[in-house]
Amino acid sequence: MTVVDRRGRVLRVLTVGLAFVFGVAMLLPFAFLVSTAFKEHAFVLEIPPRLIPDPPTLDNFTEAWSTGDFGRYFLNSAFVVTLSTIISVSLSAMLGFCFARFDFPGRRAMFGALLFTMMVPGMVLLIPQFVLARNLGLLNSLWGLVIVYSVMNLALNTFLLRGFFAAMPQELFDAAQVDGAGVWTSFRTIALPLAKPGLATVTIFSFLAAWDEFTWAITTLSDSDLYTLPIGIRLLQRSQSTEWGLVFAASLIALLPVLVIFVALQRHFVAGAFVGATKG
Amino acid sequence: MMGMSRRLGVARARRPSPSRPALASASSRSERARRLLPVYGLLLPGMLLYGVWAAFPLLQSFVMSFTDWKLRGESTFLGLDNYTRALADPMFWKALSTTVGYTVVTVVGQLLLGLGAALLLDQRFRGRGLLRLVYYLPVITSWVIVSLIFVWLYNGQNGVLNWLLHDTLGVIGTDVAWLAEPATAIWAIAVLGIWKGIGWSMVVFLAGLSSVPVELHEAAAMDGASRWARFRNVTLPFLRPTVTFLLIVLTIGGFSAFISIFVMSSAATGTIGGPLNGTDVLLTYTWKQAFAEIDLGYGAALSFLLALVIGAVSIVELRVARREGLA
């Protein structure tokens, strides 16, 4: 073995080792999240901090579900997120299909307008949307959340799906047209089935964005019966004597669906990783 | 001739575009309109929702920014008063400088650590896929949850960070209330911003790294170039478009920081933007003006100033990148 080879091997062992050390450092905050969720209240800020709870307890989880109204927050989130994801994905599929496959008067203007609002910081829209929601009686309302979350992802979803629809071969649509299929039929029977990977990506990202949305919910919801998970979790944290075990148990419950989706549908994340990164 | 062909629609039809031929054969105007009717039908629900809840609010916000819009009573037209008021508002400038500081630190941190992570994971070894997942985990976790984890880590008395730095390593003499000290609060929040974003930058860098030709690396190695020389002269030039892209997107992200600051400052000090407005960034300041002071006109003006700043910074970054041959 030459000197260069040996140096290469040493370097490799070092870099792989470093990758794992770095990984542990990245994971450490989550390790504390999990361990604290299983700790009794007396131990949540013990010195020295211990990663393995002693004794471990499930009390935080049961308390979060039963006494903390947490089940309600979970249902509120599930309702708002499911509905807004369905609305956003269906409407943006229809929009993306039209923008990709047809030339019609106003196409450029409409698509340009959509893209423009995508680039506007969220706060610019938050203030007038608040006024609009107030005028329509949609403040402090889950329906207000459904509408705003549907719009929130509409432009980005349309942009992504348009790419999928534009890449489809024209012959398919020509053939369908010859068979007498109208716009709606070719959308439903040809375009949608072929766009499944795109629809999956867009669905995941709409779901996650709505599941984690904080700003609109904290600005408009005042009735604690209507709180979604992010608002409910934040409320558990008090400036004095926070029950950290409860906070983190609740966080884990909220995080679970996200983790399941992430692990199961990992490949869609890389495709979508380049978009929607500026949210937050 | 050109004008004529354009008027007849010939030039348009000739342009090769995969999305056009569907209707290029439409013979008459009325038939074309008839055929397009269902297309407009398909567009209607989405465009209606978009128009009412995005386009109209955007215009209204612009109008509001020239008024003293409160939620009740008539609002009066103020001209540019809200904007001149912002420019004379010391809190606006303080928030702007905090925003810039936060953005610079988080952008540089995410760029360097994201590149480091990508280089580490660009080699083949067992467990690489798992590590990618681990690095990416903070990206998909909600801001509220990660903010609360860090509030706990930063706890002023019994927090893990104080235990590590004070009790164990002895680097600091006393426990520090990281989020309650004006000197440390915004930087403590910036650390969260970096940690949460490393995984995303890494994924983008990994995509960039895959564009570096292997043969070029091998040729350079044959010529006896050191690892560092190969990194500088082969890898980095290929990563330039990636760096430019990240620079712009991460900068916008830095200017958009809101939830972490909202949650962490109010958890540690009881006031959004505390201690002593030390963590007030443009977004928290704007939010408080609009929804705590109910001064929506001023809030709208502040939000447009933020949009202007973000737009200007992005353009400057793109220009500099072009001039340096980065993009």
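D122(B) sits in the loop of chain B between α6 (90-121) and α7 (128-140). Keep in mind that this is a predicted model.

**Around D122(B)**
- D122(B) has 17 C-beta neighbours inside 10 Å, so it counts as partly exposed; the buried class would take 20 or more, and the exposed class 12 or fewer.
- Setting aside the neighbours within four places in sequence, D122(B) is in contact with L206(B) and L209(B).
- L209(B) is 87 residues away from D122(B) along the chain, yet their C-alpha atoms are separated by 7.8 Å.

**Helices α2 and α13 of chain A**
- Helix α2 (residues 59-66) of chain A packs against helix α13 (residues 244-264) of chain A at about 75°, and their axes are 8 Å apart.
- That makes α2(A) and α13(A) roughly perpendicular to each other, because angles of 65 to 115 degrees fall in that class.
- On the α2(A) side you'll find N60(A), F61(A), E63(A) and A64(A), which meet G245(A), L246(A), A249(A), A250(A) and I253(A) of α13(A).
- Sorted by class, this helix contact has six nonpolar, two polar and one charged residues.

**Where chain B meets chain A**
- Chain A puts 78 residues into the contact, and chain B puts in 76.
- On the chain B side, the largest share comes from helix α4 (residues 29-64) of chain B, with 18 residues.
- By class, that side of chain B has 59 nonpolar, 15 polar and two charged residues.

Terms used: Residues are numbered from 1 along each chain as its sequence is written. Chains are lettered from A and ligands numbered from 1 in the order in which they are written. This is a predicted model: local features need pLDDT of at least 70, side-chain atom pairs count only at pLDDT 80 or more; totals for chains, interfaces and linings use all residues. Two residues are in contact if their C-beta atoms, placed from the backbone, lie within 7 Å. Helices (H or I, at least four residues) and strands (E, at least two) are DSSP runs, numbered from the N terminus. Ala, Val, Leu, Ile, Met, Phe, Trp, Tyr, Cys and Pro count as nonpolar, Asp, Glu, Lys and Arg as charged, and the others, Gly among them, as polar. Axes are lines fitted to C-alpha atoms, for helices over the stretch in contact, and angles run from 0 to 180 degrees between N-to-C directions. Angles under 35 degrees count as roughly parallel, over 145 as roughly antiparallel, 65 to 115 as roughly perpendicular and the rest as oblique.
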